[in-house]
Amino acid sequence: MDGPASLPGAWSIGLRRGALELRQFFRRREQVVFTFAFPVVFLALFASIFSDDVKGAGITASQLYVAAMLAAGIMSTSFQSLGISIAIERDEKVLRRLRGTPMPPAAYFLGKVWLVLVTGLLEAAALLLVGTTLFDVDLPTSAGKGLTFGWIFVLGLTGCALRGIAISSVPRSGRSATSVVVLPFLVLQFISGVYISVDTLPGWMLNLGALFPLKWMCQGFRGVFLPESAAVLEQAGSWEYGKVALVLGAWCVGGLVLCLLTFRWKDRREG
């Protein structure tokens, strides 16, 4: 007589959870439109308002802003999206029900990873398509810059996703999640060089932004999409890829520690 069939592993269930997360995401039309339109609309606005070349850098404003919008878009699809959605799922007892099933806890998080990875890639592709088609944005052609784009994308997405999971435990309810998550994201965009060029920001503001990954994602992507002449716009006068990797890697490790210390399957009212 055969023994009981073994349950699928965390990786297999995580893939199925990821497929489910994606189906649920694309069924919410308003969320889909906002997620993919956010960086595209802001790129179009800034590229149209600041249509002149950036003085002393040998680049157009659209080339400058495409890097910033890429970084902001990655943080939007990972940090903001997960911080809000997980808080709502906790408030609606979805997490509690999942915790009571035989599903390995890791499978839930793997599903979220697949969600942010696919949506992050699609958002980046949409932004670059609009940038190259409407605003003459030049894409990097060298293998080295392509590789640099890849590791910044992966480290940035991972670090922001882990921070999103961690901050999801801060809101007291699903209804307050949006305000709790969006406010720090909005502030970071202003002090990290997303909307305002870093050469015009006060030094103390840049130093504050340097504590968080968004500033370094913006800087790293500028190094990918801009010529070396544009490095004069940076605070250090260079792209500082070593620091970019160090800070993003540190946030991946730190974000994982925060998740392990703070993540809750039940809300505070349930103990």
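Q: Before we start, what should I keep in mind about the model and its numbering?
A: Residues are numbered from 1 along each chain as its sequence is written, and side-chain values use heavy atoms, with hydrogens and water left out. The model is predicted, so local features need pLDDT of at least 70 and side-chain atom pairs count only at pLDDT 80 or more, while totals for chains, interfaces and linings use all residues.

Q: Let's begin with helix pairs. At roughly what angle do the axes of α6 and α9 cross?
A: First the idea: axes are lines fitted to C-alpha atoms, for helices over the stretch in contact, and angles run from 0 to 180 degrees between N-to-C directions. Helices are DSSP runs (H or I, at least four residues), numbered from the N terminus. Here, helix α6 (residues 143–167) and helix α9 (residues 213–225) have axes that come within 10 Å and cross at roughly 165°. That makes α6 roughly antiparallel to α9, a term for angles over 145 degrees.

Q: Is the crossing of α6 and α9 left-handed or right-handed?
A: A crossing is left-handed if the near helix is turned anticlockwise from the far one by less than a right angle, and right-handed if clockwise. The α6 and α9 crossing is left-handed.

Q: Which residues make the contact between α6 and α9?
A: Contact means heavy atoms within 4.5 Å. On the α6 side we find Lys145, Thr148, Phe149, Ile152, Phe153, Gly156, Cys160 and Arg163. From α9 come Pro213, Met217, Gly220, Phe221, Gly223, Val224 and Phe225. By class, the residues of this contact divide into nine nonpolar, four polar and two charged. For that count, Ala, Val, Leu, Ile, Met, Phe, Trp, Tyr, Cys and Pro are nonpolar, Asp, Glu, Lys and Arg are charged, and the others, Gly among them, are polar.

Q: How do I read the pair α3 and α5 in the same way?
A: Start again from the axes: those of α3 and α5 come within 10 Å and cross at roughly 150°. That makes α3 roughly antiparallel to α5, and the crossing is right-handed. Among the contact residues are Leu70, Gly73, Ile74 and Thr77 of α3 and Tyr108, Gly120, Ala124 and Leu128 of α5. The classes in the contact of α3 with α5 are eleven nonpolar, six polar and three charged residues.

Q: Which residues touch the most other members of the largest nonpolar core?
A: In soluble globular proteins, nonpolar side chains tend to be buried together. A nonpolar core is a set of buried Ala, Val, Leu, Ile, Met, Phe, Trp, Tyr and Cys residues joined through side-chain atoms within 4.5 Å. Buried means under 20% relative accessible area, exposed over 50%, and partly exposed in between (1.4 Å probe, protein chains only). The largest core here has 69 residues, and Leu70, Tyr108, Val194, Leu214, Met217 and Phe221 touch the most other members. Helix α3 (residues 61–91) gives this core its largest share, 16 residues. Apart from it lies another core, of seven residues, including Ile59, Leu64, Ala230 and Trp239.

Q: What is Leu70 in contact with, leaving aside its neighbours within four places in sequence?
A: Its contacts are with Ala124, Leu127, Leu128, Phe149, Phe221 and Phe225.

Q: Which residues other than glycine have a positive phi?
A: Most residues other than glycine have a negative phi. Lys93 has a phi near 70°, and Asp136 one near 55°. Lys93 is found in the loop between α3 and α4 (94–99), and Asp136 in the loop between α5 (105–134) and α6. At 29% relative accessibility Lys93 counts as partly exposed, whereas Asp136, at 60%, counts as exposed.

Q: Is Gln80 buried or exposed?
A: Gln80 lies in helix α3 and counts as buried, at 10% relative accessibility. Not counting residues up to four places away in sequence, Gln80 touches Phe34, Met75, Val181, Val182 and Phe185.

Q: Where does Ser168 lie?
A: Ser168 lies in the loop between α6 and α7 (177–191), and is buried, with a relative accessible area of 0%. Leaving aside neighbours within four places in sequence, Ser168 is in contact with Leu82, Gly83, Ile86, Ala87, Arg90 and Phe263.

Technical notes: Helices (H or I, at least four residues) and strands (E, at least two) are DSSP runs, numbered from the N terminus. Angles under 35 degrees count as roughly parallel, over 145 as roughly antiparallel, 65 to 115 as roughly perpendicular and the rest as oblique.
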